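Me: I would like a close look at one part of this model. Please keep it brisk.

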Amino acid sequence: MTLIARIEADTISAMKSKDEGRLSALRMVRAALKNKLIEIGHTLSDDEAQQVIRTMVKQYTEALADFTSAGRTDLAEKQQKEIDLLKEYLPAQMPEEEIEMIARKIIAAQNAAQKDMGRVMGAVMKEVAGRADGNAVKALVEGDVALAEKTI
């Protein structure tokens with residue numbers, strides 16, 4: 001079953017069970033996927049659909065931070081539930097140790113210095129293929145590049 005078909009089936013299930021919160025979030029996902037389909041002009045692959053959902057998670061996480069800082073716990077709770085629902089449709093995130101191992105391997109292979117940060121980040125992000133948060137990868141790569149420069 002494709003990711004889009006799974007979302008469609010879950011939407012129908014949410015309608016039948018009258019789960020308004022879940023239904024609302026799934027409708028937002030379906031709308032975002034439909035917009036992407038119109039934008040690119042062909043049926044979305046699972047990877048493309050996951051990228052749309054990752055973008056939504058990032059936006060919702062930023063909104064969650066805003067709601068929390070504004071003291072709007074009601075909106076923050078709703079936003080967190082939506083984030084949790086969206087994450088059900090994404091692959092599991094890589095453990096930090098595995099990301100660090102990949103980063104160290106790439107840094108060593110490229111004999112990277114601080115000025116090569118962008119090249120290393122690109123290679124690591126390609127290797128982890130959406131299974132890790134970009135900010136977490138950046139923090140690990142920066143630390144590993146700095147460490148590699150000290151040992152050279």
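Is E82 buried or exposed, and at what relative accessibility? Please go on from there to what surrounds that part.

Reply: First, the ground rules. This is a predicted model, where local features need pLDDT of at least 70, side-chain atom pairs count only at pLDDT 80 or more, and totals for chains, interfaces and linings use all residues. Numbering starts from 1 along each chain as its sequence is written, and side-chain values use heavy atoms, with hydrogens and water left out.

E82 counts as buried, because its relative accessibility is 9%. Buried means under 20% relative accessible area, exposed over 50%, and partly exposed in between (1.4 Å probe, protein chains only). E82 sits in helix α4, residues 73-87. Helices are DSSP runs of H or I with at least four residues, numbered from the N terminus.

E82 touches A25 and Y60, leaving aside residues up to four places away in sequence. Contact means heavy atoms within 4.5 Å.

Q79 also lies in α4. Its relative accessible area is 10%, so Q79 is buried. With residues up to four places away in sequence not counted, Q79 touches Y60, A63, L64 and F67.

Now the partner helix. The buried residues of α3 are A49, Q50, V52, I53, M56, V57, Y60 and L64. Their cover includes α1 (3-17), α2 (20-40) and α4.

Helix α3 covers residues 46-69, 24 residues; at 1.5 Å a residue it should span 34 Å, and its end C-alpha atoms are 34 Å apart, which agrees. The expected span is 1.5 Å times one less than the number of residues. After α3 comes G71, with a positive phi near 80°.

Key
Helix = DSSP H or I, 4+ residues; strand = E, 2+ residues; numbered from the N terminus.
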